[in-house]
Structures are given as structure tokens and as C-alpha cells.
Amino acid sequence: MKIDAVAQQFNISTTTIRYYEREGLLGPVKRVNGIREFEATDLDRIDFILCVKACGMTLGQIKHFLAIYQQGDATVAERLAILQDQLVQSEEKVKQLKQSMKHLKIKIEDVKALM
């Protein structure tokens, strides 16, 4: 799959994909006649990056996670701890967001009552 199709599939820019590759978040992407040809493993990697990034993980944290992932089974416990910690942080953000939304709904009803 070419970079334009990948960008469209994930709704990100080609610049972002190139940046991820430059920063070492993507492994070396196969090239055919100098043109990137993304394979299923590359797409899985991009999907993972976008998922954990959306959950609040920084690119530095993602890079660290991917680096230890490359080290194999010896890092399973550390990787599990990182993912579990990120899940706890994400759940807390969701809880806070739900509280804010509840408050916002009350405010909306207050304003509607004035109409």
C-alpha cells in the first residue's frame, strides 16, 4: 500500500507518516523503486501508534515502548506495566470528561430555561 492510501486509511497526513518513520516509530518501510510500500505489519504499527497516542501516550513513551518491544519476551512485564498504566490514566481522563459533560448538560438546561 502506498503512503497516500495509508494516510487516507488512518486519516493522517503523509508528513506525519514520514515523521514517524524518521523518528524510528516505524521500522524501515519496504521501498519499491524508491517508493514506500507499506505492508500489514507497518499498518498494524501505525494503528498501535495512533491508538496509544489518542490515549495520551507521548511520542517519546511510544518510542520507548516500541524499542523494548523489539527486545522480545524479556520485556513483556515492562510492556504490560506500561500499557496498564496508560489504561488507568485513560480511564481517569474518561471519568473526568464524563463529570465535565454532566456539568455542561446542567448548564445547557439552565440556559434553555431562560429562553
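Asn33 counts as exposed, because its relative accessibility is 78%; exposed means over 50% relative accessible area, buried under 20%, and partly exposed in between, with a 1.4 Å probe and protein chains only. This is a predicted model, in which local features need pLDDT of at least 70 and side-chain atom pairs count only at pLDDT 80 or more, while totals for chains, interfaces and linings use all residues. Residues are numbered from 1 along each chain as its sequence is written, and side-chain values use heavy atoms, with hydrogens and water left out.

Back to Asn33. This residue sits in the loop between β1 (31–32) and β2 (35–36). Strands here are DSSP runs of E of at least two residues, helices are runs of H or I of at least four, and both are numbered from the N terminus. The phi of Asn33 is near 55 degrees, a positive value in a residue other than glycine. Most residues other than glycine have a negative phi.

Asn11 also has a phi near 55 degrees, again positive and again not in a glycine. Asn11 belongs to the loop between α1 and α2, and it counts as exposed because its relative accessibility is 71%.

Now the helices on either side of that loop. Helix α1 (residues 3–10) packs with helix α2 (residues 14–22) at an angle of about 105 degrees, the axes being 9 Å apart. Axes are lines fitted to C-alpha atoms, for helices over the stretch in contact, and angles run from 0 to 180 degrees between N-to-C directions. The angle makes α1 roughly perpendicular to α2; that class covers 65 to 115 degrees, with under 35 roughly parallel, over 145 roughly antiparallel and the rest oblique. From α1, Ile3, Asp4, Val6 and Ala7 meet Thr14, Ile17 and Arg18 of α2.

Next, α3 and helix α4 (residues 59–69) pack at about 135 degrees, with axes 10 Å apart. That makes α3 oblique to α4. Among the residues making the contact are Arg45 and Phe48 of α3 and Leu66 and Tyr69 of α4, where contact means heavy atoms within 4.5 Å.

Arg45 deserves a word of its own. Where does Arg45 lie? Its place is helix α3 (residues 40–54). Arg45 is buried yet has no salt bridge, and the nearest side chain of opposite charge, Asp42, is 7.3 Å away. For charge, Lys and Arg count as positive and Asp and Glu as negative, with His and the chain ends not counted. A salt bridge is a side-chain nitrogen of Lys or Arg within 4 Å of a carboxyl oxygen of Asp or Glu. Leaving aside neighbours within four places in sequence, Arg45 is in contact with Leu25, Leu26, Gly27, Leu66, Tyr69 and Gln70.

How many salt bridges does a search of the whole structure find? It finds five. One joins Arg36 to Glu21, with the closest N and O atoms 2.5 Å apart. This pair links distant parts of the chain, Arg36 being in strand β2 and Glu21 in helix α2, 15 residues apart. Arg36 is buried at 18% relative accessible area, and Glu21 is buried at 16%. Glu21, Arg31 and Arg36 are linked in a network of salt bridges.

Glu39 and Lys30 form another salt bridge, at 3.6 Å from N to O. Glu39 is partly exposed at 36%, and Lys30 is partly exposed at 43%.
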